[in-house]
Amino acid sequence: MRVALMVTCINEALYPRTGQAVVRLLRRLGVEVDFPQAQTCCGQPMVNTGYLDEAVPAVRTFVEAFAGYDAVVSPSGSCTGSARHQHSIVARRSGDADLEAAVADLAPKVYELSEFLVDVLGVTDVGAYYPHRVTYHPTCHSLRMLGVGDRPRRLLESVRGLTLVDLPGADQCCGFGGTFAVKNADTSIAMGADKARHIKETGAEMVVAGDNSCLTHIGGVLSRQRSGVRPVHLAEILASTEATVDEAAEVDAGADAEGAAR
Amino acid sequence: MSATFVGMPAFPEAAREALADSQLRYNLAHATGTIRDKRAKVVAEVDDWEDLRVAGAAVKETALRDLERHLVRLEETLTANGATVHWARDAAEANAIVAAIAKDHAAEEVVKVKSMVTQEIGLNEALAEEGIAAWETDLAELIVQLGDDLPSHILVPAIHRNRAEIREIFMSKMAAAGRPAPDDLSDEPAVLAAAAREHLREKFLRAKVGVSGANFAVAESGTLVVVESEGNGRMCLTLPEVLVSVVGIEKVVSRWEELDPLLRLLPRSSTGERMNPYTSTWSGVTPGDGPQEVHVVLLDNGRTRALADEVGRQALRCIRCSACLNVCPVYERTGGHAYGSVYPGPIGAILNPLLKGVGHDDQVDSLPYASSLCGACFEVCPVRIDIPAVLVDQRAQVVDAHRNGVPKPEAAAMKGAAYVFGRSSRLAGLERLTGIGLGLARRVGIAAWTGARDLPDTPKESFRAWWRRTDGGRRKEHGDD
């Protein structure tokens, strides 16, 4: 099976660790994942803001980059949703029949990470170890556009050392919504503040989700409030093992020693 | 808040005012939370809810596909039943028809059944200009009307008010509108309802003309249907000598049996009840029983425009249950007034642009963007209107309508993005600048983002650069040079 990683533009630029975690995780599960260099962005920022013509080059690049793979895996429910449900709209509008056909062929092969793990690889226990108290925020597009259901929860529940606590009002939108966060900043922040309050109520150390875009917003609010709760992508938890946790502890200890010596 | 939506600011600005009102935020969160829970509970009781949704959507969709034929049939059957059918292209025509009928009967006042469509056309204000007082008889509408306020919810138009505020409105405003509130009025819901009942009863018995809308219109039998909770509507439908029903053309269904899924979907979706307490149906004139003169005004007012919209036409399936309002995280925080229309919330965000057209009014053009596209509205819609899909399509129409004008910074940015995302080499080039860009943004402050949110730290290298340096992690990550 030829598997490609669609890392997404936000992960590529801001969260390389998430992409690295997917690579590490899949390799541990025996899947050799490729990173097609030609990929850019799924085009969702343009589509959701109403710029359909401007999304055409992104969609064209997308199908060219991923053509020929049996499966495309992405650590983003939102971008997967875009590829699966919005690319056809953009392609139809472009009037390019070949592009439309290529989209129709590719769209069903694009999987969000938890879908790929559970449905394609058939695993829920990925052999991860993560000794922390976390709460899970189901992002809207993974929840409703893709219907990933309890797959992320099942994956998290199988992680050794992890304590999963329920998030009140979990299915309520965090208020990110792409350009909504800027166009309707006041409303977006009000929604984010309520989400942050619920997260803090759980007493979790981390809030985990399958979309770094939502986590950027939620994390941004939590950080401004000096809450101490950190946003973590699902892939990074699933990729974590005893070895990586030890490594991280060493790094932390080193940083502490450095701080103390200063 | 003055009692007109005309000249309302665009959504972001109108929302800002609501977001700053903590009482409003509390009232809304409490009320929508309560209805949301009630709905979820009674919907869960129905095993075949999804099948029912599909059936409800199909009934409306079939009727819309063949709308002309059903409307002509409806006109025939209503006429045969003794009703007079009028056609109105827009609000002005519809209002003129209703005013003329009231004047024919020298009526100085009319009693009204709660109706969205008569609010949409501004009937009360139009009648007032003709010297005719139109009295709302739905409890919540009465509160809005007495308070010289605007409705903020389809089903619960006074949702933004709490009972203490309602008591104040009754005490200070009821006397001028008819029977005053009792001196010892408390803010107990039952006491407030009793005061409204006494106040309204005089009007029911006095008025010669009743005005209603309709939830459904059955073409084959010439039957109009109103569903309600209080029974006040039924008083208006049966007591006056003359009844005028203003009906949007999208309300028609073909056959009586087709009401079955719709009447099962509506109460559970709207009030969270298994069945609504009152369902009234009327088919023209019955000698010696009820109104002896019945008029039906079939109204377009933008509906054929919406019908011609390939993606947006599904919005005409809406049965005004307001489930989408109650689950919408944006509505819950901003309330209904921010939408600047009698149709607020997610359905209002698509219905107003569809009915009015985009590209000529900033307020209307702002509505398709008044959503985070979370999809909760589609999930609860009893007739499966894919509101997020319509929102995105409406956004595209807004953008397209402005393509020939002076481009906004956003349009320029999107053009730039189209260029960058067209080639990975361009993106890789740009990423080297990401760190500088974010650093600068942090210093200058992207006000809209950083007002209450921090930006993430920038990584030392992009994923693409890491992949190239380490061959996707196959080469050792540390000390590999």
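Predicted model: local features only at pLDDT ≥ 70, side-chain atom pairs only at ≥ 80, totals over all residues.

Modeller: Look at strand β7 of chain A, residues 206–209. A:M206 and A:V208 point one way, while A:V207 and A:A209 point the other way. All four of these side chains are buried. In a regular strand, side chains alternate between the two faces of the sheet.

Now the partners. Strand β5 of chain A (residues 133–136) pairs with β7(A) in the parallel sense, over three bridges. There, A:V134 stands opposite A:M206. Strand β8 of chain A (residues 230–233) also pairs with β7(A) in the parallel sense, over four bridges. In β8(A), A:R230 stands opposite A:M206.

Next, the link. Helix α12 of chain A covers residues 212–224, and with β7(A) and β8(A) it makes a right-handed β-α-β unit. A:S213 lies in this helix. Its relative accessibility is 14%, so A:S213 counts as buried, the cut-off being under 20%. Beyond its neighbours within four places in sequence, A:S213 is in contact with A:I10 and A:F176.

Finally, the wider setting. The domain assignment of chain A gives domain 1 (3–120) and domain 2 (133–246). The contact between them takes 30 residues from domain 1 and 25 residues from domain 2. About 2,200 Å² is buried between the two domains, and carbon and sulfur atoms give 60% of that. The rule finds two salt bridges across this interface.

Terms used
Residues numbered from 1 in each chain as written. Chains lettered and ligands numbered in written order. Heavy atoms only, no water. Buried < 20%, exposed > 50% of the residue type's maximum accessible area, 1.4 Å probe, protein only. Helix = DSSP H or I, 4+ residues; strand = E, 2+ residues; numbered from the N terminus. Pairing = 2+ DSSP bridges. Right-handed = clockwise from strand over helix to strand, strands pointing away. Contact = heavy atoms within 4.5 Å. Domains from an automatic or database assignment. Buried area = accessible area lost by both parts, 1.4 Å probe. Salt bridge = Lys/Arg side-chain N within 4 Å of Asp/Glu carboxyl O.
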